[in-house]
Amino acid sequence: MIRLNNVVVTYRTSRGSINAVDGVSLEIPDGCVVGIAGESGCGKSTLMKLIYGDVTSPMSLSSGSIDYGFENDKGAPITSANIREQWFKRISYIPQSSMNSLNPVARVGTQFIDFPGSDPDKKRVMEKVRGYIGKLGLPPETLDAYPHQLSGGMRQRVMIALATFFQPELILADEPTTALDVVVQKEILLLLMDLQEQMKNTILIVSHDMGVHYQTTQRMLIMYAAKAAEYGDSEKIFRDPLHPYTRMLISSLPAIGDDRARQGISGTPPSLWGQLTGCRFAARCPLATDKCRAEEPAFIEHRPGQFAACHYAGTEITQTGDGQWQ
Amino acid sequence: MAVILRTEGLNKVYRLGSFTRNRKIQALNDINLNIESDQPVIISVVGESGSGKTTLAKTLLRLIEPTSGSATVYDKVVAGKGEKLPKREFLASIQPIFQNPFEAFSRYRPVDAYLHETATRVAGLQGNAAIDAVEQSLASVGLEYADVRGKYSNQFSGGELQRVSIARALIPNPNLIIADEPVSMIDASRRMIIINLFLKLKLEAKRSFLYITHDLATAYYISDFVAVMNKGVIVEFGPAREVMTHPQHDYTKLLLDSIPTTRQRWRPRSSVAI
Amino acid sequence: MTQDAMALPTTRSGLRWRELYWLVNLRLAIGLTIVLILAVGSLVLPLFNTVDPSVQASYWKNLPPSFKHLLGTNALGQDTFWYLVYSVRNSLVLGFVVAIGVTVISTIVGLSAGYIGGSFERVVMLVVDTFITIPLLPILIILGAVIRGSSTFLTVGLVIIIFGWAWGARTVRSMALTLREREFINMARFSGANTLQILVSEIFPYVSAFLLVGFINTVLFAINTEATLAVIGLSKVEVPTLGSIIFWALSYNAMFTGNYIWIVAPIVTTVVLFLGLFLTSTGFNAAFATKRGVA
């Protein structure tokens, strides 16, 4: 169980500081796939970096903490302070762009060797690796190739192999399929789901594509303007969302075979500079009242297992004939 | 019926490498399209990266020379064999909308400078007539000229800037607007604002669009016709509703099958309690 | 991916002149101060002088510094201070003339070659590459006779321009090559711009930062080259420049005769001037680099 306790991540710049993640508290159960959704600027990538422990200046965890729920070799509980030691062992990361993450002048095989492993015998490690990548659908010759000689899908499989080789308890995938074609994307997502079912670990997937979340995740966190807007079982969120932002977002997605008119959400998320009062979605929300603008809604459990930050969570919003929300 | 878009044997071959060891890449392979209509239409060209859809757009925009074949837009030959359209007339009949609105404008120039230039140099208007044209086209995309005047590209959001881009394309009243992935860099919640705008412009301003995308859902939503491309070849073409709900070609079926929809799961997912 | 609205603080202001605060950094401030003091000083002070400092035997030789002769006089009977002032002026004028010539030529050649491309580019780059491979100093030494025989010392400047523009042209051309592929160029084309309008309005602003830094570097380079020539006696040493003053001081063995000021003063001035130009150039560079990081 990973517990985030009111984490606040601050960026300090010459113009002042900004909270990229502003007070998020969550419990992520073990052994499930959790999606983090939201739009650009909502803080999902920062949250992922925080969970991974990649917090370097000018970014800092200014308040709150994370409990990872497992202990290191010495029996001490892992928190955000010592998570770095566990990179590639208990926690690993699949980046968005494999081309930027693989050493372009080294053969793929040597990038496995660079690994912090407990086995000093390199030959044995390579044999194990060769066997492992076969399970991911890669031919053994892959290890002898350079990254640019492989297709995007194959490279991403290599990244997944790197990330899962030591069977970590937590895998973080930051937009793992955004750079891939849709056919390859499906293969990669299915692969990830297979691996998760075998290893029974936790995978966090960040994506801006709600379809990816629907297909792969069991629980989902929706972020808006550095705050958590909604969290809960994915199926339930898609069928009956609590937060108006989630509801409007999901309704705006067109689907093949569905001829209903769709409407985008006008307006933009608020700038995170300066003081923000009240609910951050109030400016674009059809349900907004003075209470919303003055008082920030708490992130509470409105239904069993479903959390949302809204004073009017669960209220129906419908579209009128010409597509306006009300 | 006017020929909205016709390509005859359109080919584009890239030769990479030196004399002895060169590779041939067939970016466009014998593209034959024929779309005729009295009404404005939205044609989608869908496909994955490397399918040739962007090459097709660039050929029609005369940014790339086809190796052979020709292309006709609204009864005028615009590219390839037989093309003799003068530059001014070409610019007044076809206009582009690019994928990345922030790249589409120079950092150092106010965006309305481009609008003004289009009005004076392409549409041939002067003085107040030019300003009126700019105002009108901005209004048709839901923006006020006063809000746009003198501002630079970094002062807008992606969606607003893309609308400015659309407004610019509208000024010379082109017959065909070619939009290359116009919403892929825009937040999902605001995508439909632009997509609905295309629909509105088709119905009210009577503009035809060529919509290049890899997003089949939005293509389904607004298109009249859709062409599915794979490796430089059009594998399937027809009325959008038909092709996307009853695909004939295996590749189209594969493509439609791979989209992560929010309707039906590929695999059953169990709920996990806290 | 979509623009990250959070990482780039949208201050909702464009490129207004008041936004130039990003330019100010310590390096640039110091550098500009030095250069401006020297430049303004060397241009204004001569207005207060009536005696031509290069005329020999105007005063008693080798006088120590006093109120009348701030740095004393030299073995030729010239006032060292005024000679130095005129030297700085002449060197700076030379530097700026050369920099203007080189920058203008390399910009026109580089931008047009890079943007227009095709056989035009190939022919132009052939010319550019030919000029790049010709080494400047040997040419100047060979042309020493011509330089000394000509009526104005700016002939040196002309020769430096002729053989110095090529390197900048090559760099500008490669910048134009990358800019040519950017989307806003297509946008400008579809807004009806012709090649010249695109070069001036679209491409030029993006190379202007490079040109400014290159300009200052060329000033430095030109002054340095002329000084090098003068010290070895291959320039018009009758004209006061930073190099010629050192030439005369060396010729008359200023160190041995005890007239230290004659040789030390120009060296110190030269070093300070070069330092100022260097700090200005790197100061601009640093300012532009940080600016590029923001929107």
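1. The domain bounds used in this note come from an automatic or database domain assignment. The model is a predicted one, and in chain A that assignment gives domain 1, made up of 2–90 + 168–309, and domain 2, covering 99–167. The C-alpha centres of domain 1 of chain A and domain 2 of chain A are 29 Å apart.

2. Where the two domains of chain A meet, 14 residues of domain 1 are in contact with 12 residues of domain 2. On the domain 1 side of this boundary, H6(A) gives the most, with 7 residues. By class, that side of domain 1 of chain A has 12 nonpolar residues and 2 charged ones, with no polar residues.

3. Turning to the contact between chains, 39 residues of chain A are in contact with 36 residues of chain B. Four helices of chain A, namely H6 (182–199), H7 (210–216), H8 (234–239) and H9 (244–251), each supply at least two residues of the side that touches chain B. The largest share of that side, 6 residues, comes from H6(A). The side of chain A that touches chain B divides by class into 17 nonpolar, 13 polar and 9 charged residues.

4. Chain C contains 11 helices and 0 strands, so that, by the DSSP runs on which these elements rest, its pattern along the sequence reads α-α-α-α-α-α-α-α-α-α-α. Of the 295 residues in chain C, 39% are buried. Among the contacts in chain C with a separation of 6 or more, 70% are between residues 24 or more positions apart.

Technical notes. Residues numbered from 1 in each chain as written. Chains lettered and ligands numbered in written order. Predicted model: local features only at pLDDT ≥ 70, side-chain atom pairs only at ≥ 80, totals over all residues. Buried ≥ 20, exposed ≤ 12 C-beta atoms within 10 Å, placed from the backbone. Contact = placed C-beta atoms within 7 Å. Nonpolar A, V, L, I, M, F, W, Y, C, P; charged D, E, K, R; others polar.
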